[in-house]
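Dear colleague,

Please find below the structure for your study. A summary of the findings follows it.

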Amino acid sequence: MSISPGSQVRLHLAIYLDDGTEALSSFGGEPMRFRIGDGTLAPGLEGLLLGLEAGADEQMLAAGAALFGARDAALVQRVPRTDLPDGFAPEPGDVIPFQAPGGQETLGTILSTDDTEVEIDFNHPLARRGLRIHAQVLEVG
């Protein structure tokens with residue numbers, strides 16, 4: 001049985017940046033369990049898994065924008081430093097969590113700072129990167 005929309009899947013998944021840095025990995029821990037389409041993974045990432053069967057051990061290259069969405073310039077915002085936690089010293093490249101309207105957590109990447117403001121990119125942090133995906137499919141149901 002191969003992975004298709006609605007499949008129950010148990011797998012190990014790792015995402016590496018184009019420079020080899022590990023961004024996420026379930027290898028060495030508990031495998032991930034989810035249903036394709038339940039929102040656990042981004043739709044573009046799920047698309048890479050479609051058609052794989054139990055026992056598959058695949059490495060794939062992908063553009064982050066194809067997996068996590070194209071960059072949206074409207075998601076780059078300038079925020080007053082006073083809106084950041086006391087004592088926090090933001091540095092360009094830092095990826096930090098923010099509370100979005102509605103209570104969800106979203107990540108923002110610090111692009112630049114000055115004495116009064118911080119420029120933050122709220123696009124998915126991996127959207128700008130070339131990625132290597134390693135998927136080891138354990139079960140498909």
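**The largest pocket**

The largest pocket holds about 390 Å³ of space, a volume being the space filled by probe spheres set on grid points that are joined across faces, edges and corners. A pocket here is an open set of points on a 1 Å grid over the protein atoms alone, where a 1.4 Å probe fits, with protein on both sides within 12 Å along at least five of seven lines; lining residues have an atom within 4 Å of a point. The model is predicted, so local features need pLDDT of at least 70 and side-chain atom pairs count only at pLDDT 80 or more, while totals for chains, interfaces and linings use all residues. Residues are numbered from 1 along each chain as its sequence is written, and side-chain values use heavy atoms, with hydrogens and water left out.

Lining the largest pocket are 20 residues, and Leu24, Phe68, Leu107, His124 and Leu126 are those nearest its centre. E1, E2 and strand E7 (105-113) each give at least two residues to this lining; strands (E, at least two residues) and helices (H or I, at least four) are DSSP runs numbered from the N terminus. E7 has the largest share, with three residues.

Strand E1 (residues 8-17) and strand E2 (residues 22-25) run antiparallel and are joined by three bridges; two strands pair if DSSP finds at least two bridges between them. Tyr16 has Glu22 in E2 as its bridge partner. Four residues lie between the strands of this hairpin, where Gly20 takes a positive phi near 95°.

The charged end of Arg132 sits over the ring of Tyr16, 4.1 Å from its centre. This term requires NZ of Lys or CZ of Arg within 6 Å of the ring centre and within 35 degrees of the ring normal.

**An aromatic pair**

One aromatic pair is counted. The ring centres of Phe98 and Phe122 are 5.2 Å apart and their planes are at 75°, so the pair is edge-to-face. Rings of Phe, Tyr and Trp (its six-membered ring) pair if their centres lie within 6.5 Å, with planes under 30 degrees apart stacked, over 60 edge-to-face and the rest tilted. Phe98 and Phe122 are both buried (under 20% relative accessible area; exposed is over 50% and partly exposed in between, with a 1.4 Å probe and protein chains only).

**Leu48**

Leu48 lies in helix H1 (residues 43-49). Its relative accessibility is 24%, so Leu48 counts as partly exposed.

Yours sincerely
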